[in-house]
Amino acid sequence: MKTKRLILLALEELLDKFRFDEITVIQLANQAAISRATFYRHFTDKYEVANWYYRLKAEAVFQDERNKTPYDIFYGLSKFMGEDDKNFMQVMMNQKDDQNSFFNFVSNTFYDFWKQKYESKMARELTTQEAFDLAVWSLGGAEVWKHKLNNEVIDPQEMGELFDKSMPLWLVNVSE
């Protein structure tokens, strides 16, 4: 874990000087004072470093017991994405969908989180329609974020309210 954190710190330092697409694995390894081989023992490429970071931040939001409603979760994620980490925003916005993007990760995690909550509370699996509704809500939410980030600054409170109000009705009682 220590080496992974060194690599992450190296990426943060390099992002202060270069755009993400200009940074190479060799630069990351040199900045972290490790060999290229050591880098590859921990990550497959620079995108995986960024994704690992996103996962740490997003998992903290999902695992925080105070975050019980969609508002809480989307507020927390929007705060991280819109205010807390300007350097990593450029990484996030420049990822291709085939690079295991943060938006895919969030939508999948969000889907799994609410699916588990619902199935646990209702003691049954989602119906096909419910699974579809939840997928549309989860994927649509990630796409709305992406669109807003491309066009304006995200207001965490606004994003939390939008996602809270757009929740499928059958899921409302699970979040209470």
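Glu130 is buried (under 20% relative accessible area; exposed is over 50%, partly exposed in between, with a 1.4 Å probe and protein chains only), because its relative accessible area is 9%. The structure is a predicted model, in which local features need pLDDT of at least 70, side-chain atom pairs count only at pLDDT 80 or more, and totals for chains, interfaces and linings use all residues. Residues are numbered from 1 along each chain as its sequence is written, and side-chain values use heavy atoms, with hydrogens and water left out.

Glu130 lies in helix α8 (residues 128-151); helices (H or I, at least four residues) are DSSP runs numbered from the N terminus. Its side chain forms a polar contact of 2.8 Å with that of Arg124. Such a contact is a pair of N or O atoms within 3.5 Å; within protein, one must be able to donate a hydrogen and the other to accept it, and residues adjacent in sequence count only if both atoms are side-chain atoms. Beyond four places in sequence, Glu130 is in contact (heavy atoms within 4.5 Å) with Tyr118, Arg124, Glu125 and Trp170.

Val49, in helix α4 (residues 46-63), is also buried, with a relative accessible area of 0%.

Conventions: Helix = DSSP H or I, 4+ residues; strand = E, 2+ residues; numbered from the N terminus.
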